[in-house]
Amino acid sequence: MTLELGVLVSGSGTNLQALLDAARDGRLDARIRVVLSNRPDAFGLQRARRAGVPAVVVDHKPFSSRAAFDEAVVAELRKAGVEWVALAGFMRVLTPLFLDAFSGRILNIHPSLLPAFPGVDAQGQAFRAGVHETGCTVHFVDAGVDTGPVVLQRKVPIHSTDSEDDVRARILEQEHELFVEALSLVAAGRARLVADAHGKHVLIESGAPSPP
Ligand code: GRF
């Protein structure tokens with residue numbers, strides 16, 4: 001299935017760039033319908049325009065509530081024909097209105113091995129905690145902050161000689177691959193959100209051929 005994808009960004013958009021490149025090269029079965037930012041100055045918007053993808057700003061500041069902002073964002077995504085949403089450094093917490101509009105079809109990338117270090121500055125949190133290993137996570141989005149069912153994670157070492165910037169850069173490099181990999185699994189129908197007695201989780205079907 002080709003993912004009709006909307007990508008939401010608030011900043012530089014290097015993860016967005018990885019998705020644009022992968023979709024263009026056929027490594028990701030997705031059509032990026034629109035890139036939307038809550039910040040008019042987000043560099044990600046320029047990356048979208050450069051790739052010939054519509055770039056839309058919905059500035060959150062004039063809105064009186066989060067729900068009103070989300071309503072405007074959802075309207076833009078619908079107008080663009082979006083069915084799946086990728087959060088690529090989008091610094092706004094989604095309200096139930098947004099979650100319901102794209103129920104089970106919103107994915108986020110986060111720079112830690114969740115559930116460790118949720119929220120802002122996950123790389124700094126890990127660095128200051130003195131752990132020897134951190135990483136990145138792609139997960140389905142639910143009503144919590146970085147709490148949704150995990151699709152894929154990748155570990156990244158922290159060496160004793162590292163600066164915080166070294167750690168950030170090492171994680172980011174892995175994020176770019178992991179986001180493409182996770183979205184590819186979703187597009188192939190091999191990563192599915194399932195609900196059972198233990199709640200919601202992601203079922204990954206291995207690519208290995210089934211035994212005779
Ligand atoms: C990434 O570290 C991502 O995990 C987090 O925000 C950052 C966005 O970076 N959610 P970029 O804008 O994709 O470069």
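A polar contact here is a pair of N or O atoms within 3.5 Å. The model is predicted.

**The ligand site**

An oxygen atom of the ligand is 2.5 Å from an N or O atom in the side chain of Thr-14. A polar backbone atom of Gly-13 is 2.7 Å from a ligand oxygen. For Asn-15, a backbone N or O atom lies 2.8 Å from an oxygen atom of the ligand. The table sets these pairs side by side.

| Residue | Part of the residue | Distance to a ligand oxygen |
|---|---|---|
| Gly-13 | backbone | 2.7 Å |
| Asn-15 | backbone | 2.8 Å |

On its own the ligand has 370 Å² of accessible area, and the protein covers 83% of that. The space that the ligand takes is the largest pocket. Two elements each give two or more residues to the shell: helix 1 (14-25) and strand 5 (106-110). Residues around the ligand include Ser-12, Gly-89, Ile-109, His-110, Pro-111, Gln-123 and Glu-175. By class, the shell has seven polar, two nonpolar and one charged residues.

**Leu-8 in strand 1**

Leu-8 lies in strand 1 (residues 3-9). Its relative accessibility is 0%, so Leu-8 counts as buried. Leu-8 and Met-91 are 83 residues apart in sequence. In space, their C-alpha atoms are 9.2 Å apart.

Asp-162 sits in the loop between strand 7 (150-157) and helix 6 (164-187). Is Asp-162 buried or exposed? At 10% relative accessibility, Asp-162 counts as buried. Its side chain has two partners here. A polar side-chain atom of Asp-162 lies 2.8 Å from the backbone nitrogen of His-159. The side chains of Asp-162 and Arg-170 are joined by a polar contact of 2.7 Å.

**Backbone geometry in the loops**

The loop between strand 5 and helix 5 (122-129) holds Pro-115. A cis peptide bond joins Leu-114 and Pro-115, with omega about 15°. Asp-121 is found in the loop between strand 5 and helix 5. Phi of Asp-121 is positive, near 50°, in a residue other than glycine. Asp-121 counts as partly exposed because its relative accessibility is 30%.

Asp-146 is placed in the loop between strand 6 (133-140) and strand 7. Asp-146 has a positive phi of about 60°, although it is not a glycine. With 16% relative accessibility, Asp-146 counts as buried.

Notes. Residues are numbered from 1 along each chain as its sequence is written. This is a predicted model: local features need pLDDT of at least 70, side-chain atom pairs count only at pLDDT 80 or more; totals for chains, interfaces and linings use all residues. Side-chain values use heavy atoms; hydrogens and water are left out. A residue is near a molecule or strand if one of its heavy atoms lies within 4 Å of it. A polar contact is a pair of N or O atoms within 3.5 Å; within protein, one must be able to donate a hydrogen and the other to accept it, and residues adjacent in sequence count only if both atoms are side-chain atoms. Accessible areas come from the Shrake-Rupley method with a 1.4 Å probe; for residues, only the protein chains shown count as cover. On a 1 Å grid over the protein atoms alone, a cavity is a set of points where a 1.4 Å probe fits but cannot get out, and a pocket is an open set with protein on both sides within 12 Å along at least five of seven lines; lining residues have an atom within 4 Å of a point. A molecule sits in a cavity or pocket if more than half of its atoms lie within 2 Å of its grid points. Helices (H or I, at least four residues) and strands (E, at least two) are DSSP runs, numbered from the N terminus. Ala, Val, Leu, Ile, Met, Phe, Trp, Tyr, Cys and Pro count as nonpolar, Asp, Glu, Lys and Arg as charged, and the others, Gly among them, as polar. Buried means under 20% relative accessible area, exposed over 50%, partly exposed in between (1.4 Å probe, protein chains only).
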